[in-house]
Amino acid sequence: MGEDAESTKINHTFLRDYVTEADVISTVEFNQTGDLLATGDKGGRVVIFQRETESKGESEEVEETGDSGEYNVYSTFQSHEPDFDYLKSLEIEEKINKIRWLPQQNAAHFLLSTNDKTIKLWKVSERDKRPEGYNLKDEEGRLKDTSTITSLQVPVLKSTDLMVEVRPRRVFSNGHTYHVNSISVNSDGETYMSADDLRINMWHLGITDRSFSLFLSDIVDIKPANMEDLTEVITAAEFHPHHCHLFVYSSSKGSLRLCDMRASALCDRHTKLFEEPEDPGSRSFFSEIISSVSDVKFSHSGRYLLTRDYLTAKVWDLNMDKGPVETYQVHEYLRSKLCSLYENDCIFDKFECVWNSSDSVIMTGAYNSFFRMFDRETGRGVTLEAWRESSKPRAVLRTRRVYNGGKRRRGDVGVDSLDFTKKILHMAWHPSENIIAIAATNNLYIFQDRVSPETQLQ
Amino acid sequence: MEVSAEAKRIMVVALGKLYSSRTQRGGLRLQRSLLLTLVMKSARDMYHAAQATVESVVAGYEQPQPAAEGTTGTTGTTEPTGAQTELLGAASLATEKPRTLTRVEVSSSPNEFRRDAENKENMCPTGPAQHSRKRRGKAAMEPDFLPCKKAKLCSQQLSVNSVLLDYVNCSSKLGAPPSPMLLHRAIAAC
């Protein structure tokens with residue numbers, strides 16, 4: 001990443017000798033149309049990619065939609081800087097935890113980005129014209145000597161090189177004592193929520209041209225009177241895609257709570273609790289850690305919830321709170337390795353999960369640059385790899401397998417040779433097409449599914 | 001024994017992680033600290049459950065003078081004395097470490113007092129179990145609670161010390177046995 005002129009198409013391989021910590025991508029998000037893709041990194045920077053509307057270069061069959069373009073860098077800006085809380089003597093990391101786009105209302109785009117403590121609203125606008133031919137100012141903007149003006153002219157808009165301006169429009173600070181883990185924009189387009197370990201806040205954005213109104217309220221507070229009684233924390237939260245009064249939050253105990261804001265101002269009593277009874281046979285020292293939900297996502301239909309815990313991805317039906325309706329084993333072969341994963345801290349990794357546009361496929365990340373896709377209809381999963389050695393541009397991704405006993409096939413990777421430093425934590429799926437963005441440490445991979453297989457180059 | 005060894009290692013690793021998280025950039029992560037505390041409690045409970053079966057054997061060996069009283073519940077199995085003292089030493093080490101950590105976290109002033117407490121606690125491994133259970137709470141992680149937590153720790157320590165002195169002097173069976181629930185968990189883990 002970075003602001004340098006590395007604007008080459010990003011599904012080409014990156015050649016980097018080393019990975020700087022600041023370049024590690026920490027969040028990926030498509031906007032509502034999928035034309036823009038934003039990434040945030042540990043250095044507090046945001047990079048926005050835009051999809052080209054025409055394919056350039058090689059002659060290739062154009063998609064039926066005419067939009068077979070690739071994503072190029074559109075804008076880069078520094079969203080958050082390292083900060084310091086003087087009262088608690090705590091350093092506040094500039095790492096971008098989440099980015100969420102607002103629904104587009106005019107020519108400009110708005111996005112929310114957050115670090116551990118502060119959420120910022122950014123306006124992304126284009127300028128490709130500028131007025132020329134002022135009467136009172138010259139080309140450089142200096143005032144002309146009025147005696148030299150002999151005629152009147154009407155200023156004309158001349159096109160210039162495209163300029164993308166990103167400006168902060170609002171800063172939402174001092175709303176959180178603990179670390180912010182999620183933000184979610186409401187379907188009403190006027191409010192959004194931010195969740196930290198113990199509280200969820202709701203904010204109001206009155207987007208007008210010049211001024212904003214701001215209203216903050218505490219909608220969930222699970223902080224116990226005595227912190228010693230603390231048994232669980234909030235790990236993720238999201239608004240329902242259609243019902244502006246409903247939202248869900250997940251906990252470190254593996255439960256989900258669906259809340260209805262119409263019930264009361266402070267949603268400390270959930271409308272529905274989704275919990276799977278613990279299997280006593282599989283209890284171990286690490287049961288609590290691996291049951292903690294790291295991500296929760298509503299399906300596009302709003303009917304289902306997708307959650308990710310350390311070893312599985314689960315689909316829940318909103319009408320059924322007794323347990324998930326589908327459970328997918330992401331990397332069950334790690335169950336016997338929990339002790340070493342605990343020692344090297346990998347057991348605390350928080351994987352994200354996503355739905356495809358039709359809610360028929362779910363996807364989540366794993367180790368060794370692997371990520372998994374599960375077809376909900378067949379229940380089958382595939383393992384794919386986001387690694388530059390095996391990802392030449394336009395090449396078809398081949399499926400991978402992790403070998404853990406049984407018949408070994410060529411190309412299988414043994415469990416003990418998995419690279420646990422190469423983790424796929426963050427990812428996004430295009431809202432309407434089969435295009436996925438995978439963040440692998442400091443690299444961003446974008447994979448597109450071609451409509452007709454014949455156009456794929458082997 | 002494997003359960004105890006693994007439980008001990010898990011506890012030690014958890015403590016190391018909790019301790020190093022203090023210096024982590026971005027401050028203490030509440031979720032991570034909570035999960036580590038839960039793992040530690042779980043490991044500690046299993047460890048003590050495993051120890052309970054050992055102690056009922058060992059109790060007879062620990063207080064030699066009024067040996068008759070200490071042998072309630074002793075089973076037929078006997079172990080060499082050397083191994084027992086080693087186990088006891090290890091047990092005290094494991095239960096000691098949590099306290100050391102919370103003390104360091106809370107404040108750094110009354111060190112000498114704590115060192116004395118440590119020595120006394122060395123003699124009776126199960127006494128500190130209840131004591132450390134109370135102390136290792138989330139409040140230790142939360143900066144706002146810092147002042148009141150310190151006071152609580154000191155007062156608890158005083159009462160525990162007096163109790164420990166009694167244990168050393170008399171010969172009665174040490175501590176309350178863990179609840180049957182914990183034993184089930186220990187068995188399931190094996």
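Read along its sequence, chain B follows the pattern α-α-α-α-α-α-α-α. That gives eight helices and zero strands.

Chain B has 190 residues, and 47% of them are buried. Now look at its contacts between residues at least 6 apart in sequence. Of these, 75% join residues at least 24 apart.

Turn to chain A, and begin with confidence. The average pLDDT of chain A is 86, and 86% of its residues score at least 70. Two stretches call for care. Over residues 207-215 of chain A, the pLDDT is below 50. The model still gives this stretch 22 contacts beyond near neighbours in sequence. Residues 452-458 of chain A also stay under 50. Here the model has 11 contacts beyond four places in sequence. Where pLDDT is low, the predicted coordinates should not be read in detail.

Next, see where the chains meet. On one side are 32 residues of chain A, in contact with 34 residues of chain B. The size of an interface is often given as the accessible area lost when the parts come together. Between chain A and chain B, the buried area is about 3200 Å². Carbon and sulfur atoms give 58% of that area. In chain A, three residues lose the most area to chain B: A:Glu228, A:Phe285 and A:Tyr342. Together they account for 25% of what that side buries.

Seven salt bridges are found across the interface of chain A and chain B. There is one between B:Arg32 and A:Asp345, with the closest N and O atoms 3.1 Å apart.

Which elements give two or more residues to the side of chain A that touches chain B? They are strand S6 (90-92), helix H1 (287-291) and helix H2 (338-343) of chain A. The largest share, three residues, comes from H2(A). By class, this side of chain A has 14 nonpolar, five polar and 13 charged residues.

Start with A:Ser26, in strand S1 (residues 25-30). Is A:Ser26 buried or exposed? Its relative accessibility is 4%, so A:Ser26 counts as buried, since the cut-off for buried is under 20%. The side chain of A:Ser26 has a polar atom 2.6 Å from the backbone oxygen of A:Ile96. Leaving out residues up to four places away in sequence, A:Ser26 touches several others, including A:Gly40, A:Asp41, A:Lys95 and A:His426.

Two loop residues come next. A:Ser369 lies between strand S24 (361-365) and strand S25 (370-375) of chain A. Its phi is near 65°, a positive value in a residue other than glycine. A:Ser369 is buried, with a relative accessible area of 3%.

A:Thr441 sits in the loop between strand S30 (435-440) and strand S31 (443-448) of chain A. Phi of A:Thr441 is positive as well, near 55°, again in a residue other than glycine.

How values were computed
Residues are numbered from 1 along each chain as its sequence is written. Chains are lettered from A and ligands numbered from 1 in the order in which they are written. This is a predicted model: local features need pLDDT of at least 70, side-chain atom pairs count only at pLDDT 80 or more; totals for chains, interfaces and linings use all residues. Side-chain values use heavy atoms; hydrogens and water are left out. Contact means heavy atoms within 4.5 Å. Buried area is the accessible area (1.4 Å probe) that two parts lose on being put together, summed over both. A salt bridge is a side-chain nitrogen of Lys or Arg within 4 Å of a carboxyl oxygen of Asp or Glu. Helices (H or I, at least four residues) and strands (E, at least two) are DSSP runs, numbered from the N terminus. Ala, Val, Leu, Ile, Met, Phe, Trp, Tyr, Cys and Pro count as nonpolar, Asp, Glu, Lys and Arg as charged, and the others, Gly among them, as polar. Buried means under 20% relative accessible area, exposed over 50%, partly exposed in between (1.4 Å probe, protein chains only). A polar contact is a pair of N or O atoms within 3.5 Å; within protein, one must be able to donate a hydrogen and the other to accept it, and residues adjacent in sequence count only if both atoms are side-chain atoms. pLDDT is the predictor's confidence in each residue, from 0 to 100.
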